Amino acid sequence: MALVGNIRDFSLSDFLSLVDRGYKTGALHLTYHDQTARLYFEKGKLLLAARRPEDEKPELLVRLGVLNADQLAQACRALAARGNGVTLSQVVIDAGMASPERLQSALMGHTEQSVYGLFAWPEGDFVFEHNQRPAPDAPLALTPISIDHLIMEGVRRIDEWERIRDRIPSTDLVPRFLAPPGEKLKGMRLSPDEWKVFARINGRDTLAEIAQKTGLSDFDVCRAVYGFLTAGMLELVKRQRVLAAGMPPVEQPRLKKSLVNRIINRIRSM
Amino acid sequence: MQTVKMVISGAVNAGKTEFIRTISEIEVVSTERRATDDTRLIKKETTVAMDFGRIAISDDLVLHLFGTPGQKRFDFMWEILAEGMLGLVILVDSTRPETFRETNRIIDFFVSYRDTPYVIAANKQDRPNAWSPDELRLALRQPPHIKVLPCTATDRESVKNVLLELLYVIQERSED
Ligand SMILES: Nc1nc2c(ncn2[C@@H]2O[C@H](COP(=O)(O)OP(=O)(O)OP(=O)(O)O)[C@@H](O)[C@H]2O)c(=O)[nH]1
Ligand SMILES: [Mg+2]
């Protein structure tokens, strides 16, 4: 079943994060007035982002200056001859028409720029079609692109408190890493200010204290932390809970197992 | 007579009233009013104070089901309803991603101060375009140990299943 929504309510960053964490494969179709975009994912990574139908065609490689027209025609013939799951990019590499680095960096740059533009959309309907794959001759990234840093880039463009408050209701909260940060961080390409915030997260200081210690505004600190949250690296906890670490949480009424079993049996029999 | 209480919460129009109606043994006591403000665009009647349903367990034990009002301006009721609850069902309208943020706010409210057992019910699974429980788990960022269950609040077996799954969570924490 397709996933349907609007990026006004469920932001593109949130959606990318969902694709990442869910290792999703499929195509995300976006429309905003007369603009459209299509993003193809494989196991949570980005293969291609097209802002126009032409961006899904082999000719993109000519426009990006990776191939000339003759080479493209030759590559397309070779692709048709080989068929069966081979991608255009692979054919280009196998024929020695471009180095893997050159091809990857051209496609990655194009894909990233295409996605950045989407973050400017204030709204837009989306439909995610599970397992929909690009055409066999589409110019796909040689290595699927990690989306951590796209998520972060989307968050950088947030300029209003309201969006951030959804997840960060107060600056008295304490950010705490869920696991030792590692792999993800590499892909995120943090800015110097974001590094400052990152370096100050110790599981004890509140957001307000981090702002004070780094000399950054509350907003800048919260926005960076929002990015870390969206990337699934952090949780926010209340100060009391941190201080009370090791103490039991607020007492819940503890019930006798026999009583719970009686309720279970009754509901089963209904 | 001992009473135990469960709370059914969730954003406006998630299906709370429906859920309780489907399982309660008595006619549900609802304080429905003609919806005003934005809610009016989605539905005619909305719960303004609470829903109340009941299941008798035995002569000396009764289970009360309380549904919270969905609209934000009735938040004050939540604290009162949450007092001493056994567990919590968070209902989500799986066809409306625009309510997911609000759902997280509600989970936060009930769960951050107390260690309340809860499950999430991905409601309206019978409708086209419903997000699946797995997708809801990702969207709501729920950890793996929290159950996210398929639900159709109009279907009695489905409602029973959600309540039972919550009871199993409560059972694990109960004492011998
Ligand atoms: N198809 C379908 N419709 C449902 C389901 N559950 C609830 N509905 C419908 O969704 C609408 C909202 O249900 P309610 O039970 O009134 O929702 P609520 O959460 O009590 O809403 P508020 O009290 O306004 O917050 C009603 O029209 C229900 O009939 C379901 O599982 N499937
Ligand atoms: Mg209601």
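**Domain and chain interfaces**

In this predicted model, the C-alpha centres of domain 1 and domain 2 of chain A lie 30 Å apart. Domain 1 of chain A spans residues 3–151, and domain 2 of chain A spans 160–238. Their contact takes 10 residues from domain 1 of chain A and eight residues from domain 2 of chain A. The two domains bury about 780 Å² between them, with 46% of it on carbon and sulfur atoms. On the domain 1 side, A:Asp14, A:Asp148 and A:His149 lose the most area to domain 2 of chain A. Together they account for 53% of what that side buries.

Two salt bridges are counted between domain 1 and domain 2 of chain A. A:Asp14 forms a salt bridge with A:Arg167, with the closest N and O atoms 3.3 Å apart. The largest share of the domain 1 side, four residues, comes from α1(A). By class, that side has two nonpolar, four polar and four charged residues.

Chain A also meets chain B. Here, 44 residues of chain A are in contact with 45 residues of chain B. The two chains bury about 4100 Å² between them, 57% of it on carbon and sulfur atoms. Six salt bridges are found across the interface of chain A and chain B. A:Arg262 and B:Asp60 meet in a salt bridge through their side chains (2.8 Å, N to O). On the side of chain A that touches chain B, α13(A) gives the largest share, 10 residues. That side has 19 nonpolar, nine polar and 16 charged residues.

Definitions and conventions. Residues are numbered from 1 along each chain as its sequence is written. Chains are lettered from A and ligands numbered from 1 in the order in which they are written. This is a predicted model: local features need pLDDT of at least 70, side-chain atom pairs count only at pLDDT 80 or more; totals for chains, interfaces and linings use all residues. Side-chain values use heavy atoms; hydrogens and water are left out. Contact means heavy atoms within 4.5 Å. Buried area is the accessible area (1.4 Å probe) that two parts lose on being put together, summed over both. A salt bridge is a side-chain nitrogen of Lys or Arg within 4 Å of a carboxyl oxygen of Asp or Glu. Helices (H or I, at least four residues) and strands (E, at least two) are DSSP runs, numbered from the N terminus. Ala, Val, Leu, Ile, Met, Phe, Trp, Tyr, Cys and Pro count as nonpolar, Asp, Glu, Lys and Arg as charged, and the others, Gly among them, as polar. Domain bounds come from an automatic or database domain assignment.
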